[in-house]
Amino acid sequence: TNTGGIPTIVIEGETGFLLPLEAGGKAYAEKIIAAMNQPGLIEKMRRKSYDRYKEILNWDQWIGEFKTRLERA
């Protein structure tokens with residue numbers, strides 16, 4: 001759901017999909033069916049998600065950023 005901090009993590013159409021808070025089950029089902037009907041899309045999104053995890057969404061990266069901010073403070 002496109003709320004809170006989720007849009008800072010999920011890149012629409014690249015690492016996942018963001019639907020509005022008011023979206024119902026039908027909207028989710030349509031998005032899933034559309035994605036499944038695009039050959040290779042799910043695999044491409046899976047790879048991009050994993051790459052994003054390795055680059056910025058892991059504890060080692062968090063610790064490095066935290067240390068940097070502590071040193072600046």
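Close-up 1. Glu30, at 45%, is partly exposed. The two side chains, Lys26 and Glu30, form a salt bridge with an N to O distance of 4.0 Å; the term denotes a side-chain nitrogen of Lys or Arg within 4 Å of a carboxyl oxygen of Asp or Glu. Lys26 and Glu30 are four residues apart in helix H2 (residues 25-36), which places them about one helical turn from each other. Helices are DSSP runs of H or I with at least four residues, numbered from the N terminus.

The model is predicted, with local features requiring pLDDT of at least 70 and side-chain atom pairs pLDDT 80 or more, whereas totals for chains, interfaces and linings use all residues. Residues are numbered from 1 along each chain as its sequence is written, and side-chain values use heavy atoms, without hydrogens and water.

**Close-up 2. Asp51 and Lys54 in helix H3.** A salt bridge of 3.8 Å (N to O) links the side chains of Asp51 and Lys54. Three residues separate them along helix H3 (residues 41-56), about one helical turn. Asp51 is partly exposed at 34%, as is Lys54 at 44%.

**Close-up 3. Glu65 and Arg69 in helix H4.** Here the N to O distance of the salt bridge is 2.7 Å. Both residues, Glu65 and Arg69, belong to helix H4 (residues 59-72) and lie four residues apart, about one turn. Glu65 is partly exposed at 36%, while Arg69 is exposed at 55%.

Note on methods. Helix = DSSP H or I, 4+ residues; strand = E, 2+ residues; numbered from the N terminus. Buried < 20%, exposed > 50% of the residue type's maximum accessible area, 1.4 Å probe, protein only.
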